[in-house]
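Subject: Structure handover

Hi,

Here is the structure for you to take over. Please open it first, then read the notes below.

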Amino acid sequence: MILLHITTYRKEQVDEIIPLLTKKRLITGVTVVDATSFLTGKSEPEAVASSLIICRSKVLLFSTIERLLKELYGAELPAIYAMPIVNMDLHHEKLLRKRLIEV
């Protein structure tokens with residue numbers, strides 16, 4: 001099991017990504033956080049509005065999620081990070097397995 005963080009600087013991507021991935025049963029337990037990100041590629045950090053989609057999935061679904069988002073957004077691909085879920089209570093683990101597609 002993994003915890004996905006998908007960060008985008010375009011609010012409309014949030015409204016596109018969540019229905020796409022939930023209908024295909026690739027993610028569950030979705031939370032969206034509006035935030036300020038700091039871009040550090042220039043001499044001074046630049047504050048920009050961003051949205052963080054936090055959700056749960058299976059590690060074997062990550063490549064499918066990444067491929068779908070690359071097809072949809074190309075060069076404007078949001079940042080996608082996966083962190084392993086080391087422990088989870090049995091009740092929520094069963095729900096997660098039930099709500100996601102089998103791989």
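Which elements do the buried residues of α2 pack against? They pack against β1, α1, β3 and β4. Bear in mind throughout that this is a predicted model.

**Helix α2**

Start with the residues themselves. Ile 65, Leu 68, Leu 69 and Tyr 73 are the buried residues of α2. Down the helix axis, these buried residues fall within an arc of 110°, so they line one face of α2. The general rule behind this is simple. An α-helix has 3.6 residues a turn, so residues three or four places apart point the same way.

The helix covers residues 62-73 and lies across β1, β3 and β4. Against β4, α2 runs at about 170°. At 1.5 Å a residue, the 12 residues of α2 should span 16 Å, and the end C-alpha atoms are 16 Å apart, which agrees. Just after α2 comes Gly 74, with a positive phi of about 50°.

**The sheet**

Now the strands. Four of them form an open sheet in the order β2-β3-β1-β4, with antiparallel pairing. The edges belong to β2 and β4 (79-84). Each of these has a single partner strand, so one side of each is left without a neighbour in the sheet. On average, neighbouring strands are turned by 20° against each other, direction ignored.

Look next at β1 (residues 2-8) and β3 (residues 46-57). They pair in the antiparallel sense over 7 bridges. For an example, take Thr 7, whose bridge partner in β3 is Leu 52.

**Gln 13**

This residue sits in helix α1. Is Gln 13 buried or exposed? It counts as buried, because its relative accessibility is 1% and the cut-off for buried is under 20%. The side chain of Gln 13 makes a polar contact with the side chain of Thr 8, at 2.2 Å. Leaving aside residues up to four places away in sequence, Gln 13 touches Thr 8, Tyr 73, Glu 76 and Pro 78. Tyr 73 is also one of the buried residues of α2.

**Arg 25**

One last stop. Arg 25 lies in the loop between α1 (11-23) and β2 (28-39). Its phi is near 60°, a positive value in a residue other than glycine. Arg 25 is partly exposed, with a relative accessible area of 36%.

Over to you.

Conventions
Residues are numbered from 1 along each chain as its sequence is written. This is a predicted model: local features need pLDDT of at least 70, side-chain atom pairs count only at pLDDT 80 or more; totals for chains, interfaces and linings use all residues. Side-chain values use heavy atoms; hydrogens and water are left out. Helices (H or I, at least four residues) and strands (E, at least two) are DSSP runs, numbered from the N terminus. Buried means under 20% relative accessible area, exposed over 50%, partly exposed in between (1.4 Å probe, protein chains only). Two strands pair if DSSP finds at least two bridges between them. Axes are lines fitted to C-alpha atoms, for helices over the stretch in contact, and angles run from 0 to 180 degrees between N-to-C directions. Contact means heavy atoms within 4.5 Å. The expected span of a helix is 1.5 Å times one less than its number of residues. The arc is that of the directions from the helix axis to the C-beta atoms. A polar contact is a pair of N or O atoms within 3.5 Å; within protein, one must be able to donate a hydrogen and the other to accept it, and residues adjacent in sequence count only if both atoms are side-chain atoms.
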